Amino acid sequence: MSRYLLFVLFFTIVIFHSNLVAQDKKLTLEDIYTRNIFRSKGVGQLRWMKDNKSYSKLEFNSVAKGNDIVRYDVTSGIKTILVNANQLLPKGADKPLTIDNYIWSDDNSKLLIFTNTRKVWRQNSRGDYWVLNMVNGKLTQLGKKLEEAALMFAKFSPDGRRVAYVSKLNIYTENIATGVVTQLTKDGGKNIINGTFDWVYEEELSDRDGFRWSPDGKNIAYWQSDTKGVGTFYMINNVDSNYSVPIPLPYPKVGTANSAVKVGVISASGGQTKWFKVPGDPQNNYLARMDYIPGSNEVMIQQLNRLQNTNTVWVGNTKTMALNNILKDKDEAFLDIHDNIVWLDNTKAFTWTSEKDGWMHLYKVSRDGKEMQLITKGNFDVVNINCIDPAGGYVYYIASPENFTQRYLYRSRLDGVGEAERVSPMDMPGQHSYQISADAKYAIHNFSNANTPARTSIIDLSTHKEIKLLEDNAALKVKMNELGLRPKEFFRVDIGDVVLDAWMIKPKNFDEQKKYPVIFHVYGEPASSTVQDNWNTGDNFWHQYLANEIGCVVISIDNRGTKVPRP
């Protein structure tokens, strides 16, 4: 027998054995949820550095038993330790601070560490804050005289010398060098909320952080909510003691009173608050967004009516407290709030997201609101704005013009000239997400589809060429293939006036000549959708398990109410 025939025979046996193994592999709930053997690997939280040539991440230091903050150069791959875990070891402590979040001062001379966190509503937005001086290595805890884990939303002043934060519904500033704390507001508590929000604003408008430093660092603009008149919903705490304790929660229901909310400005050194007199009933309008216009003493305030079909945009002068209405966006049905405002042309114009032409698009609006120019042109919704690059003259965004189950990166010129250009490769069908450097030169690219686990890499955005592979989950792909599962099948359902996207999963031994029971997986709310061509370990494998164990077909259809970028 020739060597060639032996070679063919050997690999035929190997392939046959592999097929037998695949047939013998069984998907179990223990493997999915307890052993987590089908969980895809991530790369952790990566952040672009201000030089746009490197990114930072947390890496465990086994000697110090804490996390280092490290920097990776994009082109060379050289690793540099920016902060060693030992630098985050408080005096008398046996281990370094746990890093839940970190923020650099504008000049990178100081680092703000958020640690020892607690939940407020859904997110861990309350905890302790420490400042690390990168020059002399001094580690300082903020608000030491306040209760443990009582600080929220700490942020450096523009010059990096002070930090402002919220504690127990009041706003404070603290001088980092001297430790002197100044309490700016004193009426927080009971029904008054300063610098943060009630449940409605957080749940429905994604408002949590409720104050802003002025660009010159002299003032702080903030929201104040008055919950007086709002109905009380009682939750029960039956965990902390032998007897249950009622927890009162101001919680407006349909048709009842909302909190009355206003925006004011106070000196960062203390004093009296000046309030903007925004027209309209404060209990039946929402002050959904507020931010300083860069390099000015003016703030932009977005006011939603209670029906949420009109967004009135005001520019407020924090010295005179005068208000000027520059824009009013309306929709017969409903308006979403967006956070895509970038100031252009030395603050003579700004970007604005609107559905005014029937599609979700980005516009360029003059500072006085009199001129509005369409930037992202086409019969499609802009799903997400990834990067607005004024220097390069482009906006990069996710869209799905043809297949609403998939997501691709596009770009359009900020001057509105030309059509949308696709950036994502044509030979990678599925869902793409991008974390783009501020100069739009590089990106952290994540790709997956229903049959491909997440692949994460660093790319050159101009060519989409991969510079470094961070994770491809190749081992997971092998494990999945060993199961011999049928791939998720996508199809569409024409119900007359609209075509809906759907998928189905069939059991491994599916016989086209037989009839099978069908289980429909239904979501139906406007926050998300179920029919997406992406990798979803828990949901996908659970439905594969059902199909094989019960001997059924599992189907999901995105109905009219789901969050899908279709007309």
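These are my notebook entries on a predicted model.

**Entry 1: overall build**

I started with the whole chain. The protein has 5 helices and 39 strands. Its radius of gyration is 27 Å, close to the 24 Å that the globule rule gives for 567 residues, so I noted the protein as being as compact as a globular protein of that length. I then took the box along the principal axes. The C-alpha atoms fill roughly 95 × 65 × 60 Å.

Next I looked up burial and surface. Of the 567 residues, 47% are buried. The accessible surface is about 29700 Å², and carbon and sulfur atoms account for 51% of that surface. I also checked contact range. Among contacts between residues at least 6 apart in sequence, 46% join residues at least 24 apart.

**Entry 2: Thr185**

I picked Thr185 next. Thr185 sits in the loop between β12 (181–183) and β13 (192–194). Is Thr185 buried or exposed? The relative accessibility is 3%, and the cut-off for buried is under 20%, so Thr185 counts as buried.

What does the side chain of Thr185 reach? I found the backbone nitrogen of Ile171 at 3.0 Å. I then listed the contacts of Thr185, leaving aside neighbours within four places in sequence. They are Leu169, Asn170, Ile171, Asn194 and Tyr222. Tyr222 took me on to the rings.

**Entry 3: aromatic pairs**

I counted 21 aromatic pairs. One of them is Tyr222 with Trp275, which is edge-to-face, with 5.5 Å centre to centre and 65° between the planes. Tyr222 lies in strand β15 (residues 219–226) and Trp275 in strand β19 (residues 274–275), so this pair ties together parts that are 53 residues apart in sequence. I looked up the accessibility of both partners. Tyr222 is buried, with a relative accessible area of 1%. Trp275 is partly exposed, at 26% relative accessibility.

A second pair I looked up is Phe380 with Tyr397. The ring centres are 6.2 Å apart and the planes are at 10°, so I logged the pair as stacked. Phe380 lies in the loop between β27 (372–374) and β28 (382–389), and Tyr397 is in strand β29 (residues 394–399), so the pair ties together parts that are 17 residues apart in sequence. Phe380 and Tyr397 are both buried.

I also noted a cluster. Ring pairs link Trp48, Tyr55, Tyr72 and Tyr442.

**Entry 4: charges over rings**

Which ring does the charged end of Lys262 sit over? The ring is that of Trp275, with the charged end 4.3 Å from its centre. Trp275 is also the edge-to-face partner of Tyr222. Elsewhere, the charged end of Lys155 sits over the ring of Phe211, 3.2 Å from its centre.

**Entry 5: positive phi**

I finished with backbone angles. Most residues other than glycine have a negative phi. I looked up two residues with a positive value.

Lys168 has a phi near 50°. Lys168 is in the loop between β10 (162–167) and β11 (170–175). At 53% relative accessibility, Lys168 counts as exposed.

Met321 has a phi near 65°. Met321 is in the loop between β22 (310–317) and β23 (323–330).

Conventions: Residues are numbered from 1 along each chain as its sequence is written. This is a predicted model: local features need pLDDT of at least 70, side-chain atom pairs count only at pLDDT 80 or more; totals for chains, interfaces and linings use all residues. Side-chain values use heavy atoms; hydrogens and water are left out. Helices (H or I, at least four residues) and strands (E, at least two) are DSSP runs, numbered from the N terminus. Buried means under 20% relative accessible area, exposed over 50%, partly exposed in between (1.4 Å probe, protein chains only). A polar contact is a pair of N or O atoms within 3.5 Å; within protein, one must be able to donate a hydrogen and the other to accept it, and residues adjacent in sequence count only if both atoms are side-chain atoms. Contact means heavy atoms within 4.5 Å. Rings of Phe, Tyr and Trp (its six-membered ring) pair if their centres lie within 6.5 Å; planes under 30 degrees apart count as stacked, over 60 as edge-to-face and the rest as tilted. A charge sits over a ring if NZ of Lys or CZ of Arg is within 6 Å of the ring centre and within 35 degrees of the ring normal. The radius of gyration is taken over C-alpha atoms; the globule rule is 2.2 Å times the number of residues to the power 0.38. Accessible areas come from the Shrake-Rupley method with a 1.4 Å probe; for residues, only the protein chains shown count as cover.
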